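Work through each one before you read the solution.

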Amino acid sequence: MIPEGNAGILLGVEDLLVRRGGATVLDISRLQVFDGEVLSLIGPNGAGKSTLLLALSGLLKPLRGRLLFRGREIRDPFVYRRRVAMVFQEPLLFDMTVFDNVASGLRIRGLGRAEIRRAVSAYLERFGIGHLAGRSARKLSGGEAQRTSLARAFITQPEIIFLDEPFSALDSPTREGLVGDLERILCQTRTTAILSTHDQSEALRLAHRVAVIGGGRIMQVGPVDEVMNRPADGFVASFVGVETVLSGRVVRVSKGLFTASVKGGGEIEAVGAVRTGDPVLCCIRPENITISTDSKPAETSARNRFSGTIRKITPLGLFLRVHVDCGFELVSYLTSQSLEGLSLAPGKEVTASFKATAVHVIVRQSSPPA
Amino acid sequence: MDLILEGFRKAFSLVFTLDAEVLGITLLSLKVSGLATLISLVIGISVGTAVALTRFPGRPIVVSLINTGMGLPPVVVGLFVTIFLWRSGPLGFLEILYTPAAIILAQSIIATPIVTGISLAAIQHLPADLRLQILALGATRVQTVWMLVREARLPLLAAVMAGFGGVISEVGASIMVGGNIKGYSRVLTTATVMETSRGNFDMAIALGIILLLLSFMVNALLTLIQQRERPR
């Protein structure tokens, strides 16, 4: 979670430069990771996400740059690596039992047998693999193997956990279960996590903040909804998609329909299995938002109507993107014919509407950043 | 045909009555080749792992030298070990020519490149990120190397087999540096050569059977390991 005010920066990066084969693969002027937050690195393959994680975890020595952990420059990567943990895309398990795999980090640290046994049992249960303790790691399914890998990382109680696309090699139902468990465990342990992914939905579910990486640089970093709603440039927009993402909390539920009060003061009606008080992200695709200049409630099936002002209009080739400020921001796609027909221009008062069923709801365990 | 049948009959009785000379030769063979394999393992696994895990100028040349060494002709090794151990040679002061120690030395030289080459390949074939994963778990450099070697244990076992299989069946170097002295430096292969040349086929067949059995056991174990599922 993002601390309020000036609370702890856990990890700081300054002027990080990594070159490989004469080419710059990473060039990060500044990045800060806050204590307890989940920061997601998103970007296409080859953008430098993995390289950044390796550099942040002390596994790759950058050509230049400073890495500050709890305000102090990291001098001995070995000491630092014992305080953090890393999970790779491949489970990279050792050719031994699940129990021994999960115990390996503790054995490396020279812990006693009884202590190791106690901790391993607890973490096996936590990741739902208690029944696999005695099984050879070679005989695990993809999901079980990645659970083992996660348990092996979490058991050392790292101050930061680095997760390099941990779910991308898994099929979709397996991934769904694992993302849910990781979400729960991150929430329980309040472990600071940096998660790279090329899957935006993972970032939406797990992250408090998002950093979009492209060509070895950070293109944009900020709270999830901010990055999704206000992509800093064309690259970020093309990668994150241009959904409107509104974070809020469920205030009323009735017959499948619920009302969430969102940041900026609006109330959105949507459909989903939620409970009152649940923190949610409401995602609305721009093609589902209708703009009208008629402020009177029309006879339509759209349950959500908000009046606002046009903040910005951006041409996108065959159509235009219209940003409407309703206290929160809604983004809609319009054809140039509609734009002319309604004579829309920045500053004009309009009504934006969308159906409750057009809202894609993501229920989160922890509250999205305020 | 009778010659062969008679040979086998006598050979089996030599083997199964535990003939003192046959037993002595077999035990010496096992001792000499076992020790040579052990020495080659210590050097070979260390060098192979070091070359696999480091990058330095001239590395490709070192790797191809190791690979060439895997096919080192035993007679050439025998020749050079003899020259070095010759009374007037550089290592003549050791006075170990025509002793079991000389055979161990020669066989170690033959087996070391084999073990080094297989170790190198075994460590290199581990997933590239495995080393990073071990480091990420907080391992020291020594712990990392140890864990990698342990992960490569199955192919490394193959290195043991190949090294041992190579030297137990080698004859050229053993006869040149060991001298095939009865009851002292006579091993299975050198004894087989001698008995055959003398026409003592029963003894030669007996020794041959033992060598085959050892070779078979080594290969059977190797096959068993190879047939096991590869670790991910």
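Before you start: two strands count as paired if DSSP finds at least two bridges between them. Also keep in mind that this is a predicted model.

**Exercise 1.** Work out the strand order of the five-stranded open sheet in chain A, and find its edges.

*Solution.* Start with the pairing: strands of a sheet pair through backbone hydrogen bonds, either parallel or antiparallel. Tracing the partners in chain A gives the order 15-19-16-17-18, with antiparallel pairing. Next, look for strands that pair on one side only: these are strand 15 (290-292) and strand 18 (329-334) of chain A.

**Exercise 2.** Zoom in on strand 15 of chain A: how many bridges join it to strand 19 of chain A?

*Solution.* Count along the antiparallel pair and you get three bridges between strand 15 and strand 19 (residues 349-354) of chain A. For a landmark, take Ser292(A), which sits opposite Thr351(A) of strand 19.

**Exercise 3.** Describe how helix 2 and helix 5 of chain B cross.

*Solution.* First the geometry: the axes of helix 2 (residues 20-53) and helix 5 (residues 100-124) of chain B come within 6 Å and cross at roughly 35 degrees. Then the hand: this crossing is right-handed. Last, sort the contact residues of the two helices: 19 nonpolar, twelve polar and no charged.

Note on methods:
Residues are numbered from 1 along each chain as its sequence is written. Chains are lettered from A and ligands numbered from 1 in the order in which they are written. This is a predicted model: local features need pLDDT of at least 70, side-chain atom pairs count only at pLDDT 80 or more; totals for chains, interfaces and linings use all residues. Helices (H or I, at least four residues) and strands (E, at least two) are DSSP runs, numbered from the N terminus. Axes are lines fitted to C-alpha atoms, for helices over the stretch in contact, and angles run from 0 to 180 degrees between N-to-C directions. A crossing is left-handed if the near helix is turned anticlockwise from the far one by less than a right angle, and right-handed if clockwise. Ala, Val, Leu, Ile, Met, Phe, Trp, Tyr, Cys and Pro count as nonpolar, Asp, Glu, Lys and Arg as charged, and the others, Gly among them, as polar.
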